[in-house]
Amino acid sequence: MENGQHQQSFIQKYIFSTDHKVIGMQYAINGLLMAIAGGFLAYVFRYNLAFPGKDIPLFGQLSPMQYNTFITNHGMIMVFWVGMPLLLSSLGNFLIPTMVGTDDMAFPTLNMLSFWIFFVSSIVLLLAFFVPGGAYGGGWTMYPPLSANAYMNPNPDFFQALFSGASLMLLAVALEFVAMLMGGINFVVTTINKRAKGMTAFRIPLIVWFIDIASVIFMFAVGPLVAGAFMLLLDITVGTGFFDAARGGDPILWQHLFWFFGHPEVYVLLLPSLGVLGEILPVFSRKPLFAYKSIIYMALFSAVLSVVVWAHHQFVSGIDPRMATFFSIGTIIISIPFAGIFLAFMATLWGGSIKFTTPMLFALGFIGLFLVGGLTGLFLGSNAFDIYAHDSYFVVAHFHYTLFPDIFFGFFAAFYYWFPKFVGKDLDKTLGKIHFWLTTIFFNLTFFLLFFNGLAGEHRRINNYSFFGNVNKEPYTTFEKICTVGAILLILSQFVFVINLIKTLRSGKKAAKNPWNATTLEWVTDSPPKHGNFDTFPVVYRGPYEYSVPGCNEDYLPQNQEN
Amino acid sequence: MSNSSTTVDIRQTPQGRLGMWILIAGELIIFGGLIACYLLNRIRYPEWGMEAVHTSTFFGALNTAVLLLSSFTIVLAHTAANNMKPRKAQMYMMLTIIGGLLFLVNKSIEYSREISEGLTFSSPKLVASGKEVGSLFWSFYYIMTGLHALHVVVGMTVIFIIMLQIRKGNNLHRVELAGMYWHMVDLIWIFLFPLLYIAK
Ligand SMILES: [Cu+2]
């Protein structure tokens, strides 16, 4: 590095690169491409729900079997191949080294490997659509016995079973986990070991804290499911009976292993986005983050609690009522730290001079929408209501009100905020705002009415409601159509984003070093940062949120400024 | 190039060791999950004792001894590496790999004996004779020991690669990392041995 940029071939520089920024970009591109796949699946099955039996434009007829396959893979893709890479891997890769003030990750080669394993996992997942029998269609939770017996012919040989949709999905998920674990090791070790001089624990920006906490939760929670996935794969391929009740196995055991991971996974996805808010809200209200330390403690508290609430997903699978009470209480308690974090965010905004830039709009939109998701989650946390609403569209609407703002609003907020830094060009402000408003309006149009359909008893895994008298009537059929129109418009409004991106890349203005007047270290270096990030490694003198400090000339004090 | 003089590594724990600790924690949780599943079933099915009779305590004990010895040799390799004696470290690493090989040979003798008795992953013979629950024991036996054997192979590969890397006296600190991983492999076996071989 001392003797300048040494020659790197195109492949070294952009394909098999060990530079954390290139890897972050690769994760973002892969995640966005998978989002197109997941969005297309959603479009097809939403269209089918509103107009059952009709030919679907750009697709054709959707069979009931394909319908199941599509909803299953939509869930899988959006959680593991969109949410995880965009929020955890991409943001973690871009931000951790630059924000802690170092040149790269602790293990750059491991980092590169992490992306390529992730890439292979995406291919394996999509490949399943083309094997005989098609991709797996038994729900993204892969509950046995359905998943353990998901073959097209009753007595498959080993290879037929191995190349069935269910096996390929398990393999893809296992590879994805390996990729994320490798990334997590890098995030944590880089933060612990490679911080700039003076970057003490409580001077680390919130998002770095949160990505690390998310990585640790992931590492802790995913282990038993890795073992479980291995067991299920053997059930499918060599006929073991781990989850087969007829053989003494226990299908409920899978549910425990799955949700022991599945619930913490919610926080793995949520924490990076909350971290994004933690960076954006202070910058655009020109105020220090309220209760920075308490927010970190609350996140740690919720991380511990997150592994003891999982059975709230199993209230209807036959659970001891005393245990159900325990898990209900745990679930309601875990909303306390998150309510605390959101209140701290509100307090940050309070009395600030708020600038409604595009990233700020997405951040505020996140808070508003997530509130709806969080509050309906409290209803579902109590087992009495949950048993009524289980597997209904109420649940679907609830988790889309949490996950959509989390994944997409969180990512877009981060995207509009850090794009000038890491690409070096300014995005179009007007198009950004149009993108925000269209996304917000059509998101609500898509999901709000589903709460009512769910309460009316609409079950979530039915491909044609015309056979169900209780919901095949007004207003519910109209609601279905409105939701579908909303979903199509929601997808179409993303073209505003694409246009903005293309326009900026072709003719965008060169971005300044620190366009938002922010304090953290990534704004100290060039836009975009070169290989190695900093000319001289920064030294840190203060915390990350010193805005509007009385008695100084500027209204912000960068972390590396001595006085 | 990233280890150039401009890099500031102000923390004291070497980052290789730190990364290895995290990896080991992750691995232990995977095995922990598996062992927890096994124990839940074991408590539920006292008749598993009848199946455990067929595992060979002799071979299990022998393999325990082999792994413990190989753990000792990798400690000696680490000491030699600390004293900057790459030749000696390489010799002890070779001995450790031989220990791993011995373990695998023993394990395959065991496996082939069990398989010839019809005790396999799905044990169709047991299922046919109405002992479905018994067949589940063997499913667990093979998945637990098999996954462990896979880790033995990985550990041997890691030791072998590092053995080549330290040829010229470079990268001697990596011997410690190989040792840490090998101790983990050993530790997991210490849990599997009583669970599968001793508790009858
Ligand atoms: Cu949950």
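Ala, Val, Leu, Ile, Met, Phe, Trp, Tyr, Cys and Pro count as nonpolar here, Asp, Glu, Lys and Arg as charged, and the others, Gly among them, as polar. Keep that sorting in mind for the cavity below.

First, some ground rules. This is a predicted model, where local features need pLDDT of at least 70 and side-chain atom pairs count only at pLDDT 80 or more, while totals for chains, interfaces and linings use all residues. Residues are numbered from 1 along each chain as its sequence is written, chains are lettered from A in the order in which they are written, and side-chain values use heavy atoms, with hydrogens and water left out.

A cavity is a set of points on a 1 Å grid over the protein atoms alone where a 1.4 Å probe fits but cannot get out, and its lining residues have an atom within 4 Å of a point.

What kinds of residue line the largest cavity: nonpolar, polar or charged? The lining divides into 12 nonpolar residues, 1 polar and no charged. Of the 13 lining residues, Met76(A), Val173(A), Leu225(A), Trp254(A) and Phe258(A) lie nearest the centre. Helices H3 (64-100), H6 (165-193), H7 (206-237) and H8 (251-285) of chain A each give two or more residues to this lining. Helices are DSSP runs (H or I, at least four residues), while strands are runs of E (at least two), and both are numbered from the N terminus.

**The nonpolar cores**

A nonpolar core is a set of buried Ala, Val, Leu, Ile, Met, Phe, Trp, Tyr and Cys residues joined through side-chain atoms within 4.5 Å. Buried means under 20% relative accessible area, exposed over 50%, and partly exposed in between (1.4 Å probe, protein chains only). The largest core has 235 residues, and Trp81(A), Phe210(A), Leu274(A), Phe345(A), Trp418(A) and Phe140(B) touch the most other members. Apart from that core lies another, of 7 residues, including Met219(A) and Leu18(B).

Take a closer look at Phe210(A). Beyond its neighbours within four places in sequence, the residues in contact with Phe210(A) (heavy atoms within 4.5 Å) include Leu271(A), Leu274(A), Ile295(A) and Ile341(A).

How many helices and strands does chain B have? Chain B comes to 7 helices and 0 strands. Its C-alpha trace spans about 70 × 30 × 25 Å along the principal axes, and 51% of its 200 residues count as buried.

| Residue | Relative accessible area | Class |
|---|---|---|
| Thr73(B) | 13% | buried |
| Asn41(B) | 4% | buried |
| Leu32(A) | 24% | partly exposed |

Thr73(B) sits in helix H3 (residues 57-82) of chain B, and its side chain reaches the backbone oxygen of Ser70(B) at 2.7 Å. Asn41(B) belongs to helix H1 (residues 15-44) of chain B. Setting aside residues up to four places away in sequence, Asn41(B) touches Gly248(A) and Leu253(A) in chain A, as well as Trp48(B), Leu136(B) and Phe140(B).

Leu32(A) is part of helix H2 (residues 20-50) of chain A.

Methods: On a 1 Å grid over the protein atoms alone, a cavity is a set of points where a 1.4 Å probe fits but cannot get out, and a pocket is an open set with protein on both sides within 12 Å along at least five of seven lines; lining residues have an atom within 4 Å of a point. A polar contact is a pair of N or O atoms within 3.5 Å; within protein, one must be able to donate a hydrogen and the other to accept it, and residues adjacent in sequence count only if both atoms are side-chain atoms.
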